[in-house]
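Please read the following explanation alongside the sequence and the three-dimensional view. It begins at one residue and widens to the whole fold.

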Amino acid sequence: VNLNKAKFVISAPDIRQLPEDAGIEVAFAGRSNAGKSSALNTLTLQKSLARTSKTPGRTQLINVFEVEEGMRLVDLPGYGFAKVPLEMKKKWQKALGEYLEKRESLKGLVVLMDIRHPLKDLDHNLIEWAVDSNLPVLALLTKSDKLSQGKASAEVLKVKKALQVLGGDIKVVAFSSLKKTGANQATQIICDWLTA
Ligand code: GTP
Ligand code: MG
């Protein structure tokens, strides 16, 4: 597979509007502003496939991209952002929860966390849930360009150690959309999931 063949399919407000639950999906989840949409654009080599923004809470819908027939990438709404009206938050967090719980075609979860403050409670909960659900996890430590290489590597080790206790299939990679750090590694892992 070639991730740069990804094409936009739909922005769905809830799971009922998603494409048929067949084939394989890899979803991108993480706190608001963690860099999910940017990572999607970097990995698909498309500048504006997914919409990015300086304002947290940009992605409020489940955005689906098709790489090939039956192989999809999914940009999920971010969690953990306080400054949105409660009703709105409830609505899209519900969509996120339903997607994670019910989507049969979900075969791999990319969890994106800012390398400067990874593993917040919600991140940890999500990864724990994925391990319990036998879902492989790729933890992408984003915006690694904000740290020196040494500090970034140290952070990767720290996160690996913290997640080791959970068991399960968890990979940790330092990532930068700006500098393409970790892009080849991430692409390899995601393509393996898509073609398994
Ligand atoms: P929501 O859709 O709101 O949940 O956010 P998101 O996780 O999709 O984040 P998005 O990709 O929109 O990026 C948020 C902000 O972080 C933007 O201002 C990006 O330019 C910036 N950003 C994303 N990736 C990187 C990176 O690798 N390096 C740096 N320096 N900034 C980044
Ligand atoms: Mg987004």
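Phe28 is located in strand S2; strands (E, at least two residues) and helices (H or I, at least four residues) are DSSP runs, numbered from the N terminus. This is a predicted model, in which local features need pLDDT of at least 70, side-chain atom pairs count only at pLDDT 80 or more, and totals for chains, interfaces and linings use all residues. Residues are numbered from 1 along each chain as its sequence is written, while chains are lettered from A and ligands numbered from 1 in the order in which they are written.

Is Phe28 buried or exposed? Phe28 is buried, because 27 other C-beta atoms lie within 10 Å; a residue counts as buried if 20 or more other C-beta atoms lie within 10 Å of its own, as exposed if 12 or fewer do, and as partly exposed in between, with C-beta atoms placed from the backbone. Setting aside neighbours within four places in sequence, Phe28 is in contact with Lys36, Ala39, Leu40, Val74, Asp75, Leu76, Val110 and Leu112. Two residues are in contact if their C-beta atoms, placed from the backbone, lie within 7 Å. Gln164, in turn, is 136 residues from Phe28 in sequence and 21 Å away in space, C-alpha to C-alpha.

Phe28 also belongs to the largest nonpolar core, which has 50 residues. Such a core is a set of buried Ala, Val, Leu, Ile, Met, Phe, Trp, Tyr and Cys residues joined through C-beta atoms within 7 Å. The members that touch the most others are Ala27, Phe28, Val110, Val111, Ala139, Leu140 and Leu141. Strand S5 gives the most to this core, with six residues. Beyond residues up to four places away in sequence, Val110 touches Val26, Ala27, Phe28, Leu138, Leu140 and Ile190. In soluble globular proteins, nonpolar side chains tend to be buried together.

The sheet comes next. Seven strands form an open sheet in the order S1-S3-S4-S2-S5-S6-S7, with mixed pairing; two strands pair if DSSP finds at least two bridges between them. Its edges are strand S1 (7-12) and strand S7 (170-174), each of which pairs on one side only. From one strand to the next, the twist averages 20 degrees. Strand S3 (residues 62-68) and strand S4 (residues 71-75) pair in the antiparallel sense over five bridges, with Glu66 partnered by Arg72 and Phe65 opposite Leu73. These two strands form a hairpin with two residues between them, and Gly70 in the turn has a positive phi of about 80 degrees. S1 and S3 also run antiparallel, joined by five bridges, and Ser11 has Asn63 as its bridge partner in S3. Five of the seven residues of S3 are buried, so this strand is largely enclosed by the rest of the structure.

Helix H3 (residues 121-132) packs on it, touching S2 (24-30), S5 (106-114), S6 (137-142) and S7, and its direction makes about 160 degrees with that of S5. Helix H5 (residues 183-195) lies across S2, S3, S4, S5, S6 and S7, running at about 140 degrees to S2. Axes are lines fitted to C-alpha atoms, for helices over the stretch in contact, and angles run from 0 to 180 degrees between N-to-C directions.

Along the sequence, the chain follows the pattern β-β-α-β-β-α-β-α-β-α-β-α.
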